[in-house]
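Let's take a walk through a protein model together.

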Amino acid sequence: MSSAPFIYVSGPDDYLASRMAKDIWAEVKKDVTDDFSIEVISGQAGKVDEVADAVNRFRDATQTLGLFGGRRVVWLKDVTFIADNQVGRAEGTVKLCEDLQEVLEAINPDEVGVLISASPVDRRKRFAKFLEKTGDYRPSGGMDSKGGGVETLVAALNRECEAMKVTIAREAVEVLISKVNGNSRLLIEETRKLGTYLGEPGKQITSALVEELTPNFGEGDFFESTEAFFARDINWTLSALRRHFFSGNDARPVIASLQNRNRLLIQLRALIDGGEITASGSSISKPMFERAAAKYASFYDGLKTKSGYNVFTQNLWYMGKLISSGKFPPLKALIDHQLEFIRAFEEIVERPNEQEEALRAMAIRCLA
């Protein structure tokens with residue numbers, strides 16, 4: 001398979017990393033006929049003692065001769081202790097990674113085939129750098145927190161379509177990735193569902209089919225009412241609200257979704273108007289976005305987890321999609337929208353039996 005002492009698979013998306021590693025493992029072990037010479041060791045660890053157990057088992061597996069001689073293969077699977085987490089930062093884990101590095105440096109690939117898969121990984125760590133430099137490094141890709149890696153998701157989606165002998169329209173790709181909120185596992189499963197629904201080879205997955213059959217996943221950022229509102233389409237918005245309430249749903253999730261989207265757009269509009277970032281079509285300049293993030297970090301009081309209150313914690317590809325879909329309102333209009341959302345919320349509190357009427361009136365005031 002490789003002249004390197006081991007194969008190393010990693011990426012920001014654990015599902016894609018595991019998926020790639022499974023394919024490689026099938027190739028690594030295909031010529032090994034002795035089941036006792038094939039070993040899979042879990043690298044998932046919730047505490048340092050579990051890291052120690054995984055490292056010790058791996059050492060024994062790579063240094064023990066096969067029962068009937070011949071080549072052995074070992075997979076250290078789904079390693080989690082190279083990440084930037086409490087276990088990964090522990091002093092005991094750092095020492096155990098040094099021990100594991102010594103074991104890997106002594107590997108003879110002619111005698112032992114080794115595969116290591118890990119996600120997520122803190123690539124700043126010394127051990128992570130060793131794995132990439134010394135091993136046969138196979139990056140699995142995936143969407144990261146800054147919006148990179150969308151092309152990996154698109155490639156995985158296209159491979160799944162090819163396997164099912166169907167095609168997918170370009171605009172349908174964007175809609176599907178948006179609906180699953182960039183989740184690779186959901187993306188593959190929804191693609192399989194859509195391909196199965198088509199039933200015959202050669203047919204195409206369209207954006208209309210995705211809208212019809214794929215639900216919205218995530219935190220409600222992709223509600224139809226929200227999409228229609230920010231597309232500035234009043235007829236679509238009113239129809240979407242009618243469908244929402246016809247299904248017996250409540251007004252609060254709609255208002256929350258509108259507010260979350262509007263907060264992000266206010267921040268993006270302010271940054272663009274101030275010349276802090278530039279956007280071309282659906283693409284936002286990543287270097288400028290990162291410079292602005294560093295410049296304004298102090299204003300967010302350490303808020304680093306994904307939040308609509310901090311645009312710099314959002315997926316950059318998704319931010320580009322927001323400003324490219326429909327009309328991007330001026331800052332004054334966005335602030336007026338926020339005030340209207342507050343007004344609508346106060347109205348549904350006062351008149352809880354007239355929620356649909358309150359939201360329809362709000363939409364008309366904002367979009368008519």
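Is C366 buried or exposed? With a relative accessibility of 12%, C366 counts as buried, because buried means under 20% relative accessible area, exposed means over 50%, and partly exposed is in between (1.4 Å probe, protein chains only). Before going on, some ground rules: this is a predicted model, where local features need pLDDT of at least 70, side-chain atom pairs count only at pLDDT 80 or more, and totals for chains, interfaces and linings use all residues. Residues are numbered from 1 along each chain as its sequence is written, and side-chain values use heavy atoms, with hydrogens and water left out.

C97 is another cysteine to look up, and it counts as buried at 8% relative accessibility. What about disulfides? A disulfide is a covalent bond between the sulfur atoms of two cysteines. The search here takes a pair of cysteine sulfur atoms within 2.5 Å as a disulfide, and across the whole structure it finds zero.

C366 also turns up beside E340. Leaving aside neighbours within four places in sequence, E340 is in contact (heavy atoms within 4.5 Å) with M362, R365 and C366. You'll find E340 in helix α15, residues 331–350; helices (H or I, at least four residues) and strands (E, at least two) are DSSP runs, numbered from the N terminus. E340 counts as buried because its relative accessible area is 16%.

Now hop over to the sheet. Five strands form an open sheet in the order β2-β3-β4-β1-β5, with parallel pairing; two strands pair if DSSP finds at least two bridges between them. The edge strands, each pairing on one side only, are β2 (38–42) and β5 (136–139). Between β2 and β3 (residues 72–79), which run parallel, there are five bridges. One place to look is I38, which stands opposite V73 in β3.

D122 counts as buried because its relative accessibility is 10%. Beyond its neighbours within four places in sequence, D122 is in contact with I82, A83, D84 and A128.

Last stop: helix α12. How far apart are the end C-alpha atoms of α12? They are 31 Å apart, which agrees with the 32 Å that its 22 residues (252–273) should span at 1.5 Å a residue; the expected span is 1.5 Å times one less than the number of residues. Just after α12 comes G275, with a positive phi of about 75°.
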